[in-house]
Amino acid sequence: MTGADDSEELYDNAPCGSLSTSLDGAITKVNATLLRWLGLPREQVVGRRFSDLLTVGGRIYYETHMAPLLRMQGEIGGVALELKAAGDNRMPVLVTATVITGRDETPQYVRTIVFDARDRLAYEQELLRARQAADRDRERLRQLVRSLQQSLLPAVLPTPPGTQTAAAYHMASPDEVGGDFYDLFPLPDGRWGFLLGDVCGKGVGAAAVTAMARYTLRTALFHDPDPATALDSLNAILYQDHRSVTHRHCTVVCGTLTTGGEATIVIATGGHPPPLLLQADGDARYLPANGGPLIGVLADATYRTQTLTLNPGDTLLLYTDGLVDAHLPDAKERYELEALLAFAGRLAPASAASTVEAITALLASFEDGLDDDAAVMAIGATSR
């Protein structure tokens, strides 16, 4: 077999399809590989336009995009098209075309190489199915996380007489349940109990401790409406497994509210950021920092209470550290307590609802800088 015969054999039985067309698109030469893929005899292909071998969508794309680009650039590669094969079958292919010029750089004809993309298409479809299944699983997970998170919070925040109340929860990630919680509920003696806290960590383990902490404090205040005693009880329970690998601690602000005549708050904190008072006169200040240590870390922790009278127009804001630990956009600094105090000073005086609305907008402004969940609850006095 001569060298010319070898070249023709290689061309005809190459692992890819090959064809040549005149400058107007008429097929002048085609190899056996492409004919085998199409299931057509040579005489039914030679003389036809290349675009006639394409499906309707491919033909439109070829005429409006591929052919003009080929004329301008002289080559085009990696175009995904579908060929019409015998028996109304379709074959996905990748097409590369080059304008062949003569010695004087005058265009002579177009050489087109066709690659079988059936395996690639099957692979891409399998990847797409896997991606869609993963997306469905992730959405189910997010729905579960949302449901679990909502179960750790009151369905409706009550409004004691003579007050306004509002609360919000901002999740840093829709894929993980956090450990922040809050609550407001009536006590047997006519007072109201309230609490807001943050269990360290995320996930199901943190959620279990969150539920336990919330209902332990509710029960403790129900039997003895002293916030310091309630924190003592929770601390004793959490400290029981202090040395275990599952041990978790938390920070909590806990208090009681007396309404009628004037709104009086008795409050105690354990390792928690200080409550913030937005006053009716337009000032803002933190409550004195006389709280106790983290809940569940020390066996003999001591917690103290302080008493506060809410005047009409005053609003007490409780929050978790996700707010003051947030990173500022385009900066390495954290938001921190000083910035929150300045923000509250510009906001005061403000109702409970407008305070929580403003804090919610602030949290949203941190975007990716919010590393941790954040819970906020506000209690405002409306009348004596």
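**Reading backbone and shape features**

Biologist: In which loop does Pro349 lie?

Modeller: Pro349 is found in the loop between helix H8 (336-347) and helix H9 (352-365). Helices (H or I, at least four residues) and strands (E, at least two) are DSSP runs, numbered from the N terminus. This is a predicted model, where local features need pLDDT of at least 70, side-chain atom pairs count only at pLDDT 80 or more, and totals for chains, interfaces and linings use all residues. Residues are numbered from 1 along each chain as its sequence is written, and side-chain values use heavy atoms, with hydrogens and water left out.

Biologist: Is the peptide bond from Ala348 to Pro349 cis or trans?

Modeller: Here is the general idea: most peptide bonds are trans, and most residues other than glycine have a negative phi. The bond from Ala348 to Pro349 is cis, with omega near -5°.

Biologist: What is the phi of Glu105, and where is its place?

Modeller: Glu105 has a positive phi, near 65°, and sits in the loop between strand E4 (89-101) and strand E5 (107-116). Glu105 counts as exposed, at 59% relative accessibility. The classes are buried (under 20% relative accessible area), exposed (over 50%) and partly exposed (in between), with a 1.4 Å probe and protein chains only.

Biologist: And what about Glu336?

Modeller: Its phi is also positive, near 65°, but Glu336 belongs to helix H8. With a relative accessible area of 43%, Glu336 is partly exposed.

Biologist: How should I read the overall shape?

Modeller: Along the principal axes, the C-alpha atoms of the protein chain fill a box of roughly 105 × 45 × 35 Å.
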